[in-house]
Amino acid sequence: MPQNTPRNWSQQVTGNSNALDLEQDVFTWGDPLKIAVSLKRSADNSQRRKAEPFASAMAMLNFYINRAGKHLPVQQREVLEKAKDELRVLYGKPRHRG
């Protein structure tokens, strides 16, 4: 690995996304609706994203959940999973079934 590359590159991505300007510590908040509103605001305002706002916001949320893996506390994982549903509602998408 190059010397300047951080060991935890995923932390760098969520902290300094090239597509979205995320609010600090957004994925640690305890309110799913607040997280979803923040992600929506970031995605809607971004001029650098390559996909539609909903897809970009959902991708960033999924990226964080997947990269955190087993290190993500169960309670916070539940909050983030609920944030997905809130994000779908904010964008007028059907709720996930399953």
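Tutor: A crossing is right-handed if the near helix is turned clockwise from the far one by less than a right angle, and left-handed if anticlockwise. In this predicted model, local features need pLDDT of at least 70 and side-chain atom pairs 80 or more, while totals for chains, interfaces and linings use all residues. Residues are numbered from 1 along each chain as its sequence is written, and side-chain values use heavy atoms, leaving out hydrogens and water.

Student: What handedness does the crossing of α2 and α4 have?

Tutor: The two helices make a right-handed crossing. Helices here are DSSP runs (H or I, at least four residues; strands are E, at least two), numbered from the N terminus.

Student: How many helices and strands are there in the chain?

Tutor: You'll find 4 helices and 0 strands, and reading along the sequence gives α-α-α-α.

Student: What makes α2 oblique to α4?

Tutor: Their axes (lines fitted to C-alpha atoms over the stretch in contact) are compared by N-to-C direction, from 0 to 180 degrees. Helix α2 (residues 32–45) and helix α4 (residues 74–90) cross at roughly 55°, with axes coming within 7 Å. So α2 is oblique to α4, since under 35 degrees is roughly parallel, 65 to 115 roughly perpendicular, over 145 roughly antiparallel and the rest oblique.

Student: Which residues of α2 and α4 meet?

Tutor: On the α2 side, Pro-32, Leu-33, Ile-35, Ala-36, Val-37, Leu-39 and Lys-40 take part. Their partners in α4 are Gln-76, Val-79, Leu-80, Lys-82, Ala-83, Glu-86, Leu-87 and Leu-90. Contact means heavy atoms within 4.5 Å.

Student: Why is α3 called roughly antiparallel to α4?

Tutor: α3 and α4 pack at about 170°, with axes 11 Å apart. That angle is past the limit for roughly antiparallel, so α3 gets that label against α4. The residues of α3 in this contact include Phe-54, Ala-57, Met-58 and Leu-61, while those of α4 include Arg-77, Leu-80, Glu-81 and Ala-83.

Student: And why is α2 called oblique to α3?

Tutor: Here the angle is about 130° and the axes are 8 Å apart. An angle of that size falls among the rest, so α2 counts as oblique to α3. Leu-39, Ala-43 and Asp-44 of α2 touch Pro-53, Ala-57 and Leu-61 of α3. This crossing is right-handed.

Student: How do you know that Ser-38 is buried?

Tutor: Buried means under 20% relative accessible area, exposed over 50% and partly exposed in between (1.4 Å probe, protein chains only). Ser-38 has 2%, so Ser-38 is buried. Ser-38 sits in helix α2, and beyond its neighbours within four places in sequence, Ser-38 contacts Glu-23, Val-26 and Trp-29. Across the chain's 98 residues, 35% count as buried.

Student: Which residues have the most contacts inside the largest nonpolar core?

Tutor: Leu-22, Phe-27, Ile-35, Leu-39, Leu-61, Leu-80 and Leu-87, in a core of 22 residues. α2, α3 (53–68) and α4 each supply at least two core residues, and α3 gives the most, with 7 residues. Such a core is a set of buried Ala, Val, Leu, Ile, Met, Phe, Trp, Tyr and Cys residues joined through side-chain atoms within 4.5 Å. Leaving aside neighbours within four places in sequence, Leu-80 touches Phe-27, Ile-35, Leu-61, Tyr-64, Ile-65 and Leu-72.
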